[in-house]
Amino acid sequence: MFLFRWIRRTITVIVLIALIAPGYAVSQVWRAANNPIVRQGDVIVVLGTAQLNGRPGEALEARLKEAKRIFDLGYAPTIITVGAGAPGDRTTEAASGKYWLRMNGIPSKKITAIEEGRDTLTSTKAYAAVMKKRYVSDVIIVTDPYHCKRAMTMANDQGVVSTCSPVQDGPNTISASSYKYLLREAGAYLVHITVGRRGIQVSDHLPGADILTKVMP
């Protein structure tokens, strides 16, 4: 009898967690996207996304525009672009981002291109390592609104203090994004805080997935 009650209670707890956890993740992602807090930082980081032969795609250009906007407002003195290239690319997301910023008035000496990372975690580890070498710790992450929560969480896990300045235009603003992006990011965030922090890494770069043509971080 005791064993039966224990099994029933265990199953009940598992079911409750399975029901509550996704809702919690969705609420956290939604809240971060809709209530961004941006404060002064040591560096602005532009997370990479698709580029074509050195020309930023729509999503990346929107991130670069936002980075330039807050740089011009004096939120941070330097910008880091981050992101590797896809197989066959002649350049990288980071390099194309740096070129765009230079062509739009940001001095080259104020920009660092880190040509690493085809997923959020790898990119985060790369720029966090550079920040630590510079002895700076406050980062303003520029990315899509629904990507903010996971990007900030990963940054904090790497020992840097983060805020997020989401894009103001482009294909991945809140008004332009579909619910699929919210659910995808909620799922990725939940995976990170449950198994990712325990060393089981699941890349968010999934070649061939239709949603990634629009929202791949």
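User: Why does Y135 count as exposed?

Analyst: In this predicted model, Y135 has a relative accessibility of 77%, and since exposed means over 50%, Y135 therefore counts as exposed. Y135 is found in the loop between α4 (120-133) and β6 (138-143).

User: Why is N53 called partly exposed?

Analyst: The relative accessibility of N53 is 49%; buried would require under 20% and exposed over 50%, so this value falls in between and N53 is partly exposed. N53 sits in the loop between β2 (51-52) and β3 (55-56).

User: What makes the phi of N53 and of Y135 worth noting?

Analyst: Most residues other than glycine have a negative phi. N53, which is not a glycine, has a positive phi of about 50 degrees, and Y135, also not a glycine, has a positive phi of about 60 degrees.

User: Which residues touch the most other members of the largest nonpolar core, and which elements supply it with at least two residues each?

Analyst: Within this core of 19 residues, V45, L47, Y127, V139 and I141 touch the most other members, while β1 (43-47), β4 (79-82), α4, β6 and α5 (148-157) each supply at least two residues. A second, separate core has 15 residues, among them V46, A76, I106 and I140.

User: What is Y127 in contact with, leaving aside its neighbours within four places in sequence?

Analyst: With those neighbours set aside, and with contact taken as heavy atoms within 4.5 Å, Y127 is in contact with V45, L47, I80, I114, V139, I141 and A155.

Key. Residues numbered from 1 in each chain as written. Predicted model: local features only at pLDDT ≥ 70, side-chain atom pairs only at ≥ 80, totals over all residues. Heavy atoms only, no water. Helix = DSSP H or I, 4+ residues; strand = E, 2+ residues; numbered from the N terminus. Buried < 20%, exposed > 50% of the residue type's maximum accessible area, 1.4 Å probe, protein only. Core = buried A, V, L, I, M, F, W, Y, C linked by side-chain atoms within 4.5 Å.
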